[in-house]
Amino acid sequence: MNENAQAAIHSYVTDMLALEHHFESALQGQIKGTPDTSAFRPDIERLYEMRQAHIEALTALADRREIGGQGITGAVKKAAASVLGIGAAAVDFVRTEELPKNLRDDYAVLSLSCVGYMMLRTTALALDDAEVASLAERHYADDAKMVMALQHIIPEAVVAFLSEDGLAPRTDVLHEIHRSVRAAWTSDDLEADPHALPPTSDITMPRPYSTQGN
């Protein structure tokens with residue numbers, strides 16, 4: 001593999017390591033702000049432990065390949081700026097917010113992480129780097145499972161906090177929410193053709209801004 005190909009792969013590795021470090025830090029703060037008795041704390045801790053495992057694997061890879069020349073720490077700091085620029089809102093955690101909103105932010109960062117690992121795996125496979133492709137596949141699978149888990153956890157957290165606010169929410173709506181989530185993610189059309197898009201009549205696309213005529 002030539003140096004340009006290696007540089008392309010290594011840039012993705014440092015980007016993902018930067019994102020994982022920031023996510024880990026945010027989750028650590030979220031755990032501290034969640035009571036031990038909370039039904040949702042184990043899920044947050046599971047997310048945190050997953051970040052730690054990902055960081056360990058990415059750091060070991062970076063160390064073996066001497067990514068960053070003078071050390072991975074400097075490379076990660078440099079990559080962090082670009083990562084945070086892409087998803088600044090998603091990773092700018094405000095831990096004074098209620099748990100449902102924190103879980104919403106977790107979902108957003110997990111989605112960013114998923115697409116990052118998908119791009120890393122695509123790059124690695126396209127450039128014949130089996131080791132990195134395998135790592136990216138494992139981490140993508142981890143994050144995809146947590147995205148699916150949060151889609152069930154978040155509605156329950158919303159109802160729980162509505163109840164704590166004294167709003168007497170209907171808990172029976174959770175069944176309908178879970179049903180609609182499953183239906184959206186297991187569409188027959190998507191299973192038959194993953195490239196298929198909904199009919200244009202079902203979606204509204206933003207019109208591109210044009211200065212013509214102004």
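The entries below go from the ground rules to salt bridges, then to a loop residue, a helix and a surface patch.

Ground rules. I am working with a predicted model, in which local features need pLDDT of at least 70 and side-chain atom pairs count only at pLDDT 80 or more, while totals for chains, interfaces and linings use all residues. Residues are numbered from 1 along each chain as its sequence is written, and side-chain values use heavy atoms, with hydrogens and water left out.

Salt bridges. I looked for a side-chain nitrogen of Lys or Arg within 4 Å of a carboxyl oxygen of Asp or Glu, and by this rule the count is 11 salt bridges. One of them joins the side chains of R51 and E20, at 2.7 Å from N to O. Since R51 lies in helix α2 and E20 in helix α1, this pair ties together parts that are 31 residues apart in sequence; helices here are DSSP runs (H or I, at least four residues), numbered from the N terminus. I then checked burial, where buried means under 20% relative accessible area, exposed over 50%, and partly exposed in between (1.4 Å probe, protein chains only). R51 is buried at 0%, and E20 is buried at 1%.

Another bridge. D129 and R65 form a salt bridge whose closest N and O atoms are 2.6 Å apart. This pair links distant parts of the chain, with D129 in the loop between α5 and α6 (130-164) and R65 in helix α2, 64 residues apart. Salt bridges that share partners join R64, R65, D129 and E131 into one network.

A loop residue. T34 sits in the loop between α1 (3-32) and α2 (41-65), and I found it buried, with a relative accessible area of 7%. Apart from its neighbours within four places in sequence, T34 is in contact (heavy atoms within 4.5 Å) with R41, I44 and L99.

Helix α5. This helix, residues 99-126, has 28 residues and reaches 40 Å from its first C-alpha to its last, close to the 40 Å expected at 1.5 Å a residue, the expected span being 1.5 Å times one less than the number of residues. After α5 comes D128, whose phi is positive, near 60°.

Surface patch. I noted that V115, M118, M119 and Y140 form a nonpolar patch with about 330 Å² of accessible area together. Such a patch takes residues with over 30% relative accessible area and no salt bridge, nonpolar side chains (Val, Leu, Ile, Met, Phe, Trp, Tyr) being joined within 5 Å, and the areas come from the Shrake-Rupley method with a 1.4 Å probe. Helix α5 gives the most to this patch, with three residues.

Notes:
Helices (H or I, at least four residues) and strands (E, at least two) are DSSP runs, numbered from the N terminus. Patches are made of residues with over 30% relative accessible area and no salt bridge: like charges are joined within 9 Å, nonpolar side chains (Val, Leu, Ile, Met, Phe, Trp, Tyr) within 5 Å.
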